[in-house]
Structures are given as C-alpha cells and as structure tokens.
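Here are a few notes to read alongside the model, for anyone opening it without any background. Keep the viewer open and go point by point.

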Amino acid sequence: MARFGMAIDTTKCVGCMDCIVACKTENDVPDGYCRDWIAKRVEGRMPDLRMTITSERCNHCDNPPCVTCCPTGASHVHVYGKIVLVDHGKCIGCKACVASCPYGARFMHPDGYADKCTFCIHRVDKGQLPACVEVCPTRCMTFGDLDDPQSEVSRLVAGRKHFVLKPDAGTGPRIFYLE
Amino acid sequence: MLELLTTRNNPMIDPSLHVWGWEIPVYLFLGGWVAGAMVLSGWLMHRDPGTERPSVTRLLPWVGLVLISLGMVALFLDLEHKLYVWRMYATFQPTSPMSWGGWILIGVYPVLLLAGIAGLPPALADAWAPLGTLARRLRQSDARRALVLANITFGVGLGIYTGILLSSLGARPLWASGVLGPLFLVSGLSTGAAFAHMIARDPDEQSALLRSDNLFLLTELALIALFLIGLATSGVAQAQAASLLLGGPYTAAFWVLVVGLGIVLPLAIQSLMATRRIGHTLVAPMLVMGGGLALRFVVVAAGQASFWP
Ligand code: SF4
Ligand code: SF4
C-alpha cells in the first residue's frame, strides 16, 4: 500500500510561484484562496543572511489532527496513497479541521466545504504527477511512495539532510525539505 | 534573527485562518450555562425531594431548553455548509469531541424536558391528564433518582465537552491544555449557579446556591492559575501562547473582564452576601455571567492567534 509524500529541494527552489499558479489553474481554486504557497525564512544578521524558500501545502500528515477532529468523517485518510482528503458531500463546514491544522493548509471554500491540497490525486490516478511538481522549472519537487524504499523520493529522504515543518506539532508531516 | 515572509499562516494576512467569530464563544457559553443548570437542578432535586416550595428546580430545566436551543442556533449559524448539517447525525466519530458533543446535545433535550415536566405545578400538569400522570410518575422515587443522575451526567458531559472541543484541536498551543475541560465546566457551573441564585425565591435555597457559586468561583480562579502555569512551563509554543494573556494583546480583556470583573469582584460581593453583611443584589450574578461569556470570547480568540513556531 502506497504512502505518498514529497521531497522538495530548497537549494533549487527560487520562489517563482509557478507551483501556485499551476495549482490554482489545475484545481480551479477560487480567487483569494490558495492550496499551496511560498514561504521565505531569512536567518542571520546583516550582512550574513541566509534565506530558505519553501513551497508549502498540506503535509498529508501521518497523524492528521484535521481527520481526528472531524465530526462527520468528511476529512479522511484515503486508502489510495494514505492521502488526506475531504468528502465535500459530508462536510458541514464546522471549520474544526481548519482550526486544527498547524500549517494553515486548509480554508473554507466559498461553496461551504473545507478545501486543501489533494496531491492532485485525479492526476496521480492517471499516472501523471501533481500539477505543482510537473510545472516546476527547477525540478525541485519529487513526488512518490515513501513506503517503497526504491522510489526516488525515499532515496532522497534517506540520502539527503532534510527538515520538516513544525515537527513539534506532532503531526508527522510527509513533505520533506532537502537542505 | 529569524524573519518569516509568507503569504499564509497568519490570520492578519490570511483572514480565512481566523475561523471562528462570535458564534462559537456564544455557543460555548450557553452550553456551559446549561451544563451548570443541569448539574445544579440535579443536585437540588436530590437535596430536596418532593419539595412543595417555589424551588428554582422547577424553572431551571425550562430555561435550559431555551438556552440550549439558542446555543444550537448559534452553532448552526456558524456552519458554512448548512444543508449538510444532518451529516453530523449520520455517523459517530469516536475521535472527534465535536461528534460526541452533537450526540450529547441530542441527549440533553429529553433529560431537560422530563426534568421540567417532573417539576410542573400540579395545577398546570393536570390540565392535560396524560401530562399529569407523567409528572406524577416522574416524581416517584426511582424515576426521580434516574432524573437526578441523568441531569448530573449529561450536565458534566456537556460542560467538559465544551472545553475539550478546543483542546483537541492540536494546532493551537493555547488550547493544548487538559485544564480547559474542567475550567469550562466550572465556569459553566458558576454561570448556572449565579443565574439560579439570581432568580431563586426561597431564602434557604438562594443561600445554598450563593455559597456554591462562591465555591465555583474560587475553583475557577485556581484552574485559571493552573492553566497559565501549565502553559508557561511547557514548551516554547505554549509559553508563547500564554504570553498572549500575560502581556500580549489579550492581557487587558483577560485580566479585567474575565478575572477582575467576572470573578474577583463578584466573589467579593457574594462573600459579603453569604455572610449577610449586605443584602442580595443582582449586580454580582450578572457580573459572573458576563465573566463566563468573556472567558469564552478571550480563549477562542487568543487560541486562534497562537501558533506552533
Ligand atoms: S497539513 Fe494540515 S490539513 Fe494537511 S494533513 Fe496535516 S493537519 Fe491535515
Ligand atoms: S469543516 Fe468539514 S471537513 Fe472540516 S472538520 Fe468540519 S465537517 Fe469535517
């Protein structure tokens, strides 16, 4: 059984935001909302500054608080790739999941349901890559099965120094940022 | 120095992250009040079986029915997908306190209704024969004991759930405290007791409720201290969250409205009332109730402003 995740090479990402545009187009994300976004962390003291650019989205956590708090089962871990999805027809729009995600990855769609990144499961299902991964001009994102030790994403995570976002929140995020 | 530039993850920039407005605090307040009313009417029913006096026990269940219905209206107004609300009752999600809450609310209605019928004055109940029979049946000792137990169980469940609802949402360090459940329960009890002694007519009952309210207010102060100490001495995230109430933007609202006007001042006034140094006044219980409402508003708003680093 697959367990999808991503490795994103922060040494390659230039913060061009192509991934965001691709996602908005592919998934018809309404104006004013986004399923992925760019964060820039600047560390150090002038003139020794270091900037890390990260393309962020739902981490499809191994231990997702957004799923455990959902009163209707609309937020669920899908059997396919263990990705975290929202069943729009079950969502009552209580916003508990939005409040429970430490990454701010969720938002309320104007149509009333909770929305967020789906890892473009409709594309992956057809053997394609998620739109953001496909479009990245620096090829900094690698998508694949973390449970398969032979997959490229597993080899990158095993072989390269990396970090995850907000590890203390205890959610077990599955997007790994390579340093 | 660490500077974070992002177009997300900040409710100031991204208003969609400040998810809960007035509806949820109002609902949590009303839910807590009803919880308090249920526990207290259970206690009064047990303390004073078969009373013929004008006990507030007769009134509290009916007030509870109105309040819980208003609370459910607030909850409903908050939903973004209103037509799908029935989905809540198409399932039970054991990991979701919100799901337990939905089912607890369903149980609260019949318990309040039966308690209300049991307390109907005979003249009123006998206006319709089946109602009179039911009221008499409910006043018999076995049914009465069951009602006492049901009121207290559902009351405690409802009160604790309103706090656990928040503490189960792991993303907000301010809410990541086990004290929130008991704190909201005790605050609900003090709100319920304040309201009950405000409307009580029987002097003996009023004084018992007044004394219990003072005890709840003292306990609430202790729980608030535990809540803050617990957060401030946990990890960086919780300490940062606690600083929202200890010098940060929510400090004034918390210490003035919740602690000062909502607990300390009414506790002082009610202590004088309890020792009969001053007569009964409406001001103190009103302050207690206002403090309960302020507590929900501050905790819900400050919680949403707290983040994991
Ligand atoms: S990143 Fe947020 S929305 Fe995505 S699985 Fe984790 S907790 Fe849920
Ligand atoms: S907003 Fe929808 S998906 Fe999120 S917790 Fe509520 S019912 Fe579940």
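1. Start with the charges over rings: B:Arg47 sits over the face of B:Trp43, 5.8 Å from the ring centre. B:Arg296 does likewise over B:Phe184, at 4.6 Å from the ring centre. The criterion here is NZ of Lys or CZ of Arg within 6 Å of the ring centre and within 35 degrees of the ring normal.

2. A word on ground rules. This is a predicted model, so local features need pLDDT of at least 70 and side-chain atom pairs count only at pLDDT 80 or more, while totals for chains, interfaces and linings use all residues; side-chain values use heavy atoms, with hydrogens and water left out. Residues are numbered from 1 along each chain as its sequence is written, with chains lettered from A and ligands numbered from 1 in the order in which they are written.

3. On to ring against ring. Over all chains, a search of the whole structure turns up 10 aromatic pairs; rings of Phe, Tyr and Trp (its six-membered ring) pair if their centres lie within 6.5 Å, and planes under 30 degrees apart count as stacked, over 60 as edge-to-face and the rest as tilted. A:Phe163 and A:Tyr177 are stacked, because their ring centres are 5.5 Å apart and their planes meet at 25°. The pair links distant parts of the chain, with A:Phe163 in strand 9 (residues 162–163) of chain A and A:Tyr177 in strand 10 (residues 175–178) of chain A, 14 residues apart. Strands are DSSP runs of E, at least two residues, and helices are runs of H or I, at least four, numbered from the N terminus.

4. Are the two partners buried or exposed? A:Tyr177 is buried, at a relative accessible area of 0%, whereas A:Phe163 is partly exposed, at 23%. (Buried is under 20% relative accessible area, exposed over 50%, partly exposed in between, using a 1.4 Å probe and protein chains only.)

5. Chain B has a stacked pair too: B:Trp20 and B:Trp175, with ring centres 6.2 Å apart and planes at 25°. They are 155 residues apart, B:Trp20 in the loop between strand 1 (2–6) and helix 1 of chain B, B:Trp175 in the loop between helix 6 (141–167) and helix 7 (180–199) of chain B. B:Trp20 is buried, with a relative accessible area of 2%, and B:Trp175 is buried at 0%.

6. Those two tryptophans also matter for the core count. B:Trp20 and B:Trp175 are among the residues touching the most other members of the largest nonpolar core, which has 90 residues. Such a core is a set of buried Ala, Val, Leu, Ile, Met, Phe, Trp, Tyr and Cys residues joined through side-chain atoms within 4.5 Å. Helix 1 (residues 23–47) of chain B supplies the largest share, 13 residues. Apart from this core lies another, of 31 residues, including A:Cys19 and A:Leu85.

7. Last, the ligands. Ligand 1 is surrounded by 13 residues, with A:Cys58 and A:Cys101 among the closest; a residue is near if one of its heavy atoms lies within 4 Å. A:Cys101 is buried, at 8% relative accessibility. Leaving aside neighbours within four places in sequence, A:Cys101 is in contact (heavy atoms within 4.5 Å) with B:Ala171 and B:Arg172. Ligand 2 also has 13 residues around it, A:Cys70 and A:Ser75 being among the closest.
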